Amino acid sequence: MFVFRLDTHSGVPPYLQLVQQVRQAVLLGFLQPGDRLPLIREVVEDLAINPNTVAKAYRQMEQEDLVTGRPGQGTFVNEQQSAVMAASTYTSLRRGLVTWLRRAYDAGLDEQAVNALFTSVHQETRNEGVA
């Protein structure tokens with residue numbers, strides 16, 4: 001079953017963290033169409049957060065057509081229009097990114113510098129129409 005995590009130091013509101021985690025899990029193929037998300041009550045118990053926060057995240061995901069709530073049954077992942085990343089592609093890209101991150105940290109960059117470099121290159125490649 002899918003498990004949510006919260007980063008209390010990220011500055012991102014908890015409900016958005018939940019939405020982002022589901023978006024990413026669907027994109028990467030960790031969540032498949034028809035998979036049930038944890039019940040609101042379960043998320044509240046696991047993360048010790050307000051039920052309204054979880055309900056807000058689930059409403060947001062329904063508005064984005066990521067999930068559908070079925071009264072008395074739960075909330076389920078919808079079929080997505082965008083392509084889900086193949087496992088082999090994910091593995092290959094992840095391996096390359098891990099190597100890159102290790103090189104960056106070995107070169108003395110801190111997290112802020114790594115994020116700045118990645119963001120800069122990402123924006124450049126998007127502007128070139130590569131990404």
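Helices α4 and α5 pack at an angle of about 130°, with their axes 10 Å apart. This is a predicted model, where local features need pLDDT of at least 70, side-chain atom pairs count only at pLDDT 80 or more, and totals for chains, interfaces and linings use all residues. Residues are numbered from 1 along each chain as its sequence is written, and side-chain values use heavy atoms, with hydrogens and water left out.

**Helix pair**
- Axes here are lines fitted to C-alpha atoms, for helices over the stretch in contact, with angles running from 0 to 180 degrees between N-to-C directions.
- So α4 and α5 come out oblique to each other (under 35 degrees is roughly parallel, over 145 roughly antiparallel, 65 to 115 roughly perpendicular, the rest oblique).
- From α4, Trp-100, Leu-101, Ala-104 and Tyr-105 meet Glu-111, Val-114, Leu-117 and Phe-118 of α5 (contact: heavy atoms within 4.5 Å).

**Asn-78**
- Look for Asn-78 in the loop between β2 (74–77) and α4 (87–106); helices (H or I, at least four residues) and strands (E, at least two) are DSSP runs, numbered from the N terminus.
- Asn-78 is buried, at 14% relative accessible area (buried is under 20%, exposed over 50%, partly exposed in between, with a 1.4 Å probe and protein chains only).
- Leaving aside residues up to four places away in sequence, Asn-78 touches Pro-33, Asp-65, Leu-66, Val-67 and Thr-68.

**Confidence**
- Mean pLDDT (the predictor's per-residue confidence, from 0 to 100) is 91 for the protein, and 96% of the residues score at least 70.
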